[in-house]
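Me: I'd like a close look at a single part of this model. Keep it brisk, please.
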Amino acid sequence: MVSVVQNVAIDCTDAYALARFWSEVTGRPLDAADRPGDPEVQVTLAEGGPALYFHQVPEPKTVKNRLHLCLRPETTREQEVERLLGIGATLVADRREADGAGWAVLADPEGNEFCVLRSASDRAAY
């Protein structure tokens with residue numbers, strides 16, 4: 001017997017706004033029933049697969065995440081970092097190396113850290 005991951009729960013102060021950000025990051029839609037002001041909103045990552053589940057809580061984020069998402073972009077890592085910065089992410093730490101290795105640590109609009117890894121084309125180039 002095993003357990004199946006249903007969702008990754010993310011506490012936040014504005015569930016709908018943060019879900020919209022992650023919907024844009026992943027290219028996946030919000031659940032059709034979700035509306036602004038809803039205290040719980042989700043973005044399903046794959047048909048029948050796990051979801052990012054945003055749950056509104058009263059307290060703000062105060063410390064570093066103990067769990068985070070790592071993204072492998074379809075475009076280059078550099079293009080994806082620029083795109084994500086353009087939709088509201090912030091750069092937390094730059095771990096990119098001159099030889100093309102490494103990753104960029106970004107944060108979503110509520111400060112939750114995530115990483116952008118090298119894409120398949122980035123890895124093939126080195």
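Which way do E113, F114, C115 and V116 point from β7, and are they buried or exposed? Please place the strand among its neighbours too.

Reply: This is a predicted model. E113 and C115 point one way from β7, while F114 and V116 point the other way. All four residues, E113, F114, C115 and V116, are buried.

Now the surroundings. β7 belongs to an open sheet of 4 strands, ordered β4-β7-β6-β5, with mixed pairing. The edges are β4 (69-71) and β5 (90-94), each of which pairs on one side only. On average, neighbouring strands of the sheet are turned by 30° against each other, direction ignored.

Take the β4 side. Here β7 pairs with β4 in the parallel sense, over 3 bridges. L69 stands opposite F114 of β7.

Next, the β6 side. β6 and β7 run antiparallel and are joined by 4 bridges. F114 in β7 also has L106 opposite. The two strands, β6 and β7, form a hairpin, with 5 residues between them. G111 sits in that turn and has a positive phi of about 90°.

β5 and β6 (residues 104-107) run antiparallel, and 4 bridges join them. Within this pairing, T90 has A107 in β6 as its bridge partner.

Last, the helix. α2 (residues 77-86) lies across β4, β5, β6 and β7 (113-116). Its direction is at about 150° to β7.

To sum up F114: this β7 residue is buried, with L69 opposite and L106 opposite as well.

Notes. Residues are numbered from 1 along each chain as its sequence is written. This is a predicted model: local features need pLDDT of at least 70, side-chain atom pairs count only at pLDDT 80 or more; totals for chains, interfaces and linings use all residues. Side-chain values use heavy atoms; hydrogens and water are left out. Two strands pair if DSSP finds at least two bridges between them. Axes are lines fitted to C-alpha atoms, for helices over the stretch in contact, and angles run from 0 to 180 degrees between N-to-C directions. Contact means heavy atoms within 4.5 Å. Buried means under 20% relative accessible area, exposed over 50%, partly exposed in between (1.4 Å probe, protein chains only).
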